[in-house]
Amino acid sequence: MPRIIFTTSLTATFLGATCLSVALAQPIENRKYPQEDKFRQLEELLPDPTDYRTPSGAPGHRYWQQQADHLIDVTLDEQTRRITGSERITYHNNSPDTLDYLWVQIDNNWFAPSADAALVDAGGAPEELSFERMRSALARRTFDGSVDITRVEDAQGSPLGHVINKTMMRVDLPTPLRSGERFAFDIDWTYIVNDSKEVRARTAAEYFEEDDNWLFEMAHWFPRMAVYSDVEGWHNKQFLGRGEFTLEFGDYEVRITVPADHVVAATGVLQNPEDVLTSTQRERLRDAWDAEEPMFVITPEEAVENQSTKATGTRTWVFRADNVRDFAWASSRKFIWDAMGVSSGDNDVMCMSYWPIEGEPLWSRYSTHAIAHTLDVYSKFTFDYPYPVAISVNGPVGGMEYPMICFNGPRPEEDGTYSARTKYGLISVIIHEVGHFYFPMIVNSDERQWTWMDEGLNTFLQHLAEQEWEDRYPSRRGEPKDITEYMVSENQVPIMTNSESILQFGPNAYAKPATALNILRETVMGRELFDMAFKTYARRWMFKRPMPADLFRSLEDASAVDLDWFWRGWFYTTNHTDIAVTNLTHLTLETGDPSIDKAVDRAERDAEPETIGERRNKDLAKRSDRFPELLDFYNEYDELDVTPMDIERFEELIAELEPWERELLSTDLHFAVVDLENLGGLVMPVILELHFEDGTSEEMRIPAEIWRQDHVNQAKMLITEKKIVEVVLDPHLETADADRSNNFFPPRPAKSRFRLFKEEQEKNPMQLLNERK
């Protein structure tokens with residue numbers, strides 16, 4: 001057994017622990033060391049701080065962003081599904097730059113058959129294809145939902161030069177727009193809304209054949225300003241469909257003209273309830289402010305009656321929304337509507353849901369409760385929800401978010417029953433989409449460039465909200481153990497990849513960053529430090545545009561935890577966690593007393609098993625039996641016998657030691673070395689559960705910095721009061737370790753199961769034909 005020998009120079013020599021001596025022998029300069037530096041600081045990768053963005057991750061004292069106010073009139077023709085709109089955009093140039101032109105996003109040009117999005121969709125060579133997907137593929141070739149821009153003029157009615165480049169339109173200014181100035185201009189447009197059964201997208205119209213009605217969910221339906229920022233000037237990357245939206249904040253007043261019997265849900269606050277709601281509906285809406293549970297504004301019975309006839313006239317709904325980055329709405333005569341007022345800090349918020357009868361009874365039971373729950377939990381971890389309404393709408397869009405309003409798809413079966421998957425799917429998608437009201441609708445990250453900055457952070461908070469919904473909530477993402485299959489997969493790219501180039505989109509942009517933040521919170525930083533740091537980031541960047549470096553720096557700045565190694569490994573590589581416990585070595589402390597140490601050596605020698613050769617050779621005739629004179633001193637000598645010389649040396653050693661040194665020699669502590677090997681590449685904290693021979697256990701949590709000098713192999717010395725009999729690595733499944741089979745020492749047997757089945761002979765074609773007769 002390896003020993004620890006204390007010498008008079010008080011230098012401890014570890015016999016058998018060669019890894020330690022190798023580590024100590026490393027040169028100061030790492031020029032020829034074969035390993036990369038996993039703890040190298042990120043300053044070489046992150047953009048330099050500026051007056052606009054500080055090294056702490058906060059907005060700088062000269063931070064600026066543009067503003068784009070919208071005054072919009074839009075009309076929906078239900079029969080033709082045509083949208084016709086007119087808007088005045090007032091653009092505020094808050095940048096220090098002079099602008100010669102403006103870029104406007106025309107995202108609905110994505111629906112042109114010749115759009116880049118359609119052409120670059122390779123599709124592959126499927127072995128089978130559903131009828132629905134085939135219909136959609138064929139419709140994509142013929143349906144043209146692109147935007148017809150019919151007018152671009154300044155506020156005085158003079159035409160403005162403009163060029164449409166796919167999903168972007170450049171508007172040429174009559175004179176340069178200087179810093180601090182603003183410019184107002186008008187755009188008229190029209191297009192046809194896509195049928196959800198033919199072309200699925202983030203916006204769509206759904207047709208209900210049974211009652212001959214439509215339900216419209218309207219998104220990216222109007223020309224919107226592209227972003228001009230301190231990071232890259234104009235953000236005019238084309239819309240290909242996966243990378244979502246990068247937008248400016250502004251104030252909106254929107255007049256929506258729809259069939260007179262339609263009900264409209266929209267971003268913002270309804271300005272003319274007297275014109276569009278009945279007195280009963282207005283009274284119910286007032287009562288909902290004080291309701292403890294959601295109450296109907298339009299009951300299921302009223303909605304069914306409303307959808308049975310069609311009005312001939314139109315009605316205009318007017319909404320106002322201040323300081324929002326977008327505007328979306330939904331319209332149908334089929335809507336059931338419920339509402340409940342809640343408080344978020346000092347802010348009063350009306351939570352509302354709209355859905356057709358096809359959503360009953362699932363929607364009336366869960367939707368508005370899920371909205372209120374999301375506001376409660378998210379506000380606890382970020383900031384009070386600042387807007388006056390929060391809306392969930394059921395329709396053809398499976399899950400999509402906009403300021404104050406989101407579209408969510410799950411419905412029960414036609415008979416009103418639903419599976420657990422549908423129930424939790426609805427709750428989770430509402431939590432997720434309402435969560436987007438915070439990220440990116442308020443913390444306004446660049447979705448088109450970095451999907452993970454809103455989807456990943458939001459999925460992390462979604463997981464926290466789900467865990468506060470009920471015990472053992474079946475969350476799909478967030479737990480480290482649920483990401484391991486993806487982490488070891490081959491077809492993946494780092495999180496820090498542009499939205500359009502991501503492979504395995506859901507795991508990469510949603511699950512992996514959410515899991516990473518969960519590991520930071522639970523394992524690396526701890527809940528108290530993480531929660532404060534994350535809240536700091538969220539509050540710093542409310543109604544502003546953060547970039548990845550601002551998040552990375554803010555979490556370090558507010559916690560005093562160096563996380564560069566974590567960001568580098570989790571966000572800039574595709575490494576995974578796989579740490580193995582390869583050995584456990586017990587060390588015996590030599591006391592120097594020959595009567596003790598040699599007795600231990602003799603016991604170890606006597607415990608050695610008898611070899612097969614020794615056993616069989618025991619009875620062989622020996623030459624020394626015939627010639628005893630061949631035996632000499634060494635046949636009687638035992639090096640483990642205690643000699644007077646041994647005792648004398650020990651007494652001399654003891655005489656030279658201080659009292660505290662003598663005490664160390666008689667310690668009853670246990671020493672062991674656990675060998676660790678990093679097989680996956682990610683450096684992570686090492687969490688060990690030590691099991692002792694008396695049946696008890698204790699946990700040891702070692703920071704990731706244990707790997708700072710050698711990220712492949714480490715030998716950790718353990719000093720305990722009891723003898724260790726088993727070591728378990730990552731006992732609580734908190735580091736996303738991809739292979740648990742090597743997390744135990746001694747190794748545990750692998751477990752599996754099998755089942756029996758009865759063999760059946762397959763029938764031949766003649767037998768099958770005879771059965772049909």
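# Loops, rings and strands

Visitor: Between which two helices is the loop in which Pro440 lies?
Guide: Helices are DSSP runs of H or I with at least four residues, strands are DSSP runs of E with at least two, and both are numbered from the N terminus. On that basis, the loop that holds Pro440 runs between helix 8 and helix 9.

Visitor: What kind of model is this?
Guide: Residues are numbered from 1 along each chain as its sequence is written, and side-chain values use heavy atoms, with hydrogens and water left out. Local features need pLDDT of at least 70 and side-chain atom pairs count only at pLDDT 80 or more, whereas totals for chains, interfaces and linings use all residues, since the model is predicted.

Visitor: What is the omega of the peptide bond between Phe439 and Pro440?
Guide: Most residues other than glycine have a negative phi, and most peptide bonds are trans. A cis bond joins Glu360 and Pro361, with an omega of about 0 degrees, and Pro361 is placed in the loop between strand 22 (347–355) and helix 7. The bond that joins Phe439 and Pro440 is likewise cis, and its omega is about 15 degrees.

Visitor: What is the relative accessible area of Ala560?
Guide: Ala560 has a positive phi of about 60 degrees although it is not a glycine, and its place is the loop between helix 13 (548–557) and helix 14 (564–572). A residue is buried under 20% relative accessible area, exposed over 50% and partly exposed in between, with a 1.4 Å probe and protein chains only. Ala560 is exposed, and its relative accessible area is 76%.

Visitor: In which strand does Asn323 lie?
Guide: Asn323 is not a glycine, yet it has a positive phi of about 55 degrees. With a relative accessibility of 32%, Asn323 counts as partly exposed. The element that contains Asn323, spanning residues 314–324, is strand 19.

Visitor: How many aromatic pairs are there, and what is the angle between the planes of Phe183 and Phe185?
Guide: Rings of Phe, Tyr and Trp (its six-membered ring) pair if their centres lie within 6.5 Å, and planes under 30 degrees apart count as stacked, over 60 as edge-to-face and the rest as tilted. This rule gives 52 aromatic pairs. Phe183 and Phe185 form a stacked pair, 5.8 Å from centre to centre, and the angle between their planes is 20 degrees.

Visitor: How many residues apart in sequence are the parts that the pair of Phe383 and Tyr438 ties together?
Guide: The ring centres of Phe383 and Tyr438 are 5.4 Å apart and the planes stand at 35 degrees, so this pair is tilted. Phe383 belongs to the loop between helix 7 (362–381) and strand 23 (389–394), and Tyr438 to the loop between helix 8 (420–435) and helix 9 (452–467), so the separation in sequence of the parts tied together is 55 residues.

Visitor: Is Tyr438 buried or exposed?
Guide: Phe383 has a relative accessible area of 2% and is buried. For Tyr438 the relative accessible area is 0%, and this residue is therefore buried.

Visitor: Over the ring of which residue does the charged end of Lys334 sit?
Guide: A charge sits over a ring if NZ of Lys or CZ of Arg is within 6 Å of the ring centre and within 35 degrees of the ring normal. The charged end of Arg224 sits over the ring of Phe245, 4.5 Å from its centre. The charged end of Lys334, at 4.4 Å from the ring centre, sits over Phe208.

Visitor: Which residue in strand 11 is the bridge partner of Phe208?
Guide: Two strands pair if DSSP finds at least two bridges between them. Strand 10 and strand 11 (residues 213–218) pair in the antiparallel sense over five bridges, and they form a hairpin with four residues between them. In strand 11, the residue that partners Phe208 is Asn213.
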